[in-house]
Amino acid sequence: MAFLEISNLQKDYAGNRVVENFNLAVEQGEFVSFLGPSGCGKTTVLRMVAGFETPSAGLIRIDGKDVVNLKPNQRNIGMVFQAYALFPNMTVAQNLAFGLKVAGKSKAEIEATVKEMLALIKLEALGQRYPFQLSGGQQQRVALARALAVKPKLLLLDEPLSALDAKIRVSLREEIRAIQRKLQITTIFVTHDQEEALSMSDRIVVMHQGKADQLGTPFEIYNQPKTRFVASFVGTINVLEGKVLDAPAGRFSLYGAELNLGRSLGEVKTGDIVALALRPEAASLGTTVGKPAQLTGIVQDVNFLGSVIRVRVKVGETSLSLDSFNQAAVAPPKAGDTVMVSFAPEELLVLAD
Amino acid sequence: MSAIAEPTGVAKTPTSNPSKSRRSMAWLGILPFLIFALLFLILPTLNIVVGAFQNPAGEFTFENIQKLLQPSILASYWISIKISVASAFLGCLIGFAIAAAIVLGGLPAWVRSPIMTFSGVASNFAGVPLAFAFLATLGRLGLVTVLLREGFGINIYAYGFNILSFWGLTLTYLFFQIPLMILIITPALDGLKREWREAAAILGANGFQYWSMVALPILWPALLGTFALLFANAFGAVATAYALTGSSLSIVPIVLFAQIRGDVLQDPHLGYALAFGMIVVTIIANTLYLWMRARSERWVKS
Amino acid sequence: MSFWRSKRFWSWVALSFGVLYFALPLIGTFEFSLRMKRGEYSFEAYRVILGDPRFQATFLYSVLMALLTIVVGVLLVVPTAYWVRLKLPRWRPVVEFITLLPLIIPAIVIVFGYIRLYNTSSVLPLTGSAFGTDILMVCGYTVLALPYMYRAVDTGLRTLDVSTLTEAAESLGAGKITILAKIILPNVLVAILSGAFLTFAIVIGEFVFAALLNRPAFGPFMQLIGANRAYEPAALAVIAFSITWLCMGLMQLVTRLQKHTQVKPFR
């Protein structure tokens, strides 16, 4: 049995269904992200797991125990909030000690744990500081340590990095993942940042309008998005509209060119329009070996991003983004140039709506 | 920031004089205010303070201060302080309860706005009319007195209640003390972040532990400050007490009022000493407040 | 769930207690003020009061005092607050401390100081003449209103971010006068008005200054009626409360208008 089990979870607010039929099984020690735009219900699910919201229907089990009717302070969960939520009237050490003190632990035990936690987040010297004397990144590390100090069964992270500067965000996400691996603690991480979700998670749940659109490893989510939403939310993607010629054989036409996907197009009829996704890095400019599909278009603009050059090309009515690696010897195209876009048809992804 | 930014942060004007003379001009800008404050606030107060240590001939003496130690005057200070503490304490307690009910008590949102508006108004009801209102309500012929007597057979005056007493005055003062507390503490309660409560809960704390370890310590400075303000508010109030009790309840401001008014002033310098005593009490109260706030607010950015 | 129910229950208890405590004196006063004619409710007490020439005289006097106080207060506070914000940030704690002093020093002490400092044998014998005493009254009331007035205006200036606005306007070619007239003033006007209404409410029924400086103001008149009559004081209280309500109502209205017209500052 999975360590955290959520089944048929549902939440209604004043007639609005904000979470619908949500199912998830998380294994012991797994790191799972909820990814989605704001208002998609990801935080609501997390808050139901924490016990701050009561589900309208459904089941939540932690370690085999139904927790729906338990108050937050009875669930033995650790949580880190977006806005740090450190107690401003306590020093770092006092913040770390809070959960232990409340649990009635002995002074010696509290002291030892606080020391251990300070070491874990590498802030040994700052135990006597007050939260306002710390940087945002330091505060969030303290918040993490505070949550971990009570040795929770489950760790919930509610957008813990979104209030931080870009650089600290990257270093802290590595640190969080390292600590999580070390402690082998089952973790749910809520974020709207796809890069965070992709880089940190064992598995990702992409959420959209209260429902889980797709559940999978970062590799699956990125490379085999199931819906148009997942494809567009995770990374940049081009959506092309093809006309079905022969669904089982995978034949379709795209801007006059006849192409073959090499596999079934799914439950569609001849003449239907089908949405096909193409990652910017899957297509290239000019003719390339192994990329038989070719479309002609006009360069709209060129963004030089350093190691990558992103070119937007207008093909028919559609604007395509193409990424290629920078090569010192090759000058990028200029706006207005007529270019060839080539790709392997097998790289196209068929999207459900 | 430009490298030649002036140290005083003086705005750059195209047609400016050299910065030196502009600096001295800047001083002049608040000169009218300083002169006004000196003439009508600081000097009059200092004058009283100095007067308290002078005899009629203008020589330095402790005699006036010593006269404060006579039993009747000490009693006035004592009852004044008692009323001020009682009305400030009860004002804080009840005001806090009502504010907490509005902010955290799960009451419908629409109750908040009328209560805040009413508090704004009622906190300014102090003075002569307030005394009339309480006389008309809890005096011997007042509405509540009569209702209780005729409707329920309870004669509150037979039970020893008197509007012209310590509790009567305290009850009256609460009419402006409670709203003042609500006005000041509601924003402070709003400032309690939801995440603090949630973080405490998820760490295993119950409601009592959250309040005693997190919320109250955070609110403590605001509570202290309001208490000090309410104390000073009640301690210096003359009009309400005078209109309510005449001079039958000899709290310090009324004794002082009578001293000045009566023009008896057989001993004008005793008046200065009385006033000086009032200043000392309010200064002690405020110093106590500042000291305790500094102690409890180490965690706040200075 | 029962936890929530009980919490809400106690909230209602606290609120009901408050409503009862605050409503009873207001109802009691109004009821009392109607009792002047034996055996029936009537507005007799109001008729007597409003017809009293002393009422008219003292009320007008107090209105005049209040208006003068507002003018003096505005002239004193607005330039000072603007100047401190713009050029003398280091003086802020000092100025703020001074403006808060009237909350700490009892009014009766201040007025006692006036009587001693400005008596007939002093350098500035303001209490020697009625006109001089009136000046003293206005100044005293300005002192009383200082904490509220200064805070209102200073808050108004803070949301404006005076120095940035001044610099921005200057960079767009506006002169100092244009800035003050077209940018600073319209916004601070709202704060000034709300401070003014509060000042009015405080001054109109003020008792200690008027009584001790012996001026024919509304506060001492009310006290006098209170000491000698039975039902008229209740009528006066109702009138005074109504004026306070009106002032605070206008203040709320003005503040609400400001909220609608002002763009929220970016965070």
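The model is predicted, so local features need pLDDT of at least 70 and side-chain atom pairs count only at pLDDT 80 or more, while totals for chains, interfaces and linings use all residues. Residues are numbered from 1 along each chain as its sequence is written, chains are lettered from A in the order in which they are written, and side-chain values use heavy atoms, leaving out hydrogens and water.

**Helix packing in chain A**

- Helix α2 (residues 92-102) of chain A packs against helix α4 (residues 136-149) of chain A at about 25°, with axes 7 Å apart; helices are DSSP runs of H or I with at least four residues, and axes are lines fitted to C-alpha atoms over the stretch in contact, with angles from 0 to 180 degrees between N-to-C directions.
- α2(A) and α4(A) are therefore roughly parallel (angles under 35 degrees).
- From α2(A), Val92(A), Asn95(A), Leu96(A) and Leu100(A) meet Val142(A), Ala145(A), Arg146(A) and Ala149(A) of α4(A).

**Interface of chains A and B**

- Chain A contributes 24 residues to the contact and chain B 21 residues (heavy atoms within 4.5 Å).
- About 2200 Å² is buried between chain A and chain B, 71% of it from carbon and sulfur atoms; buried area is the accessible area (1.4 Å probe) lost on putting two parts together, summed over both.
- Within chain A, Asn73(A), Asn89(A) and Phe132(A) lose the most area to chain B, together 25% of what that side buries.

**Salt bridge**

- One salt bridge is counted between chain A and chain B (a side-chain nitrogen of Lys or Arg within 4 Å of a carboxyl oxygen of Asp or Glu).
- Arg47(A) forms a salt bridge with Glu198(B), with the closest N and O atoms 2.5 Å apart.

Notes: Helix = DSSP H or I, 4+ residues; strand = E, 2+ residues; numbered from the N terminus. Parallel < 35°, antiparallel > 145°, perpendicular 65-115°, else oblique.
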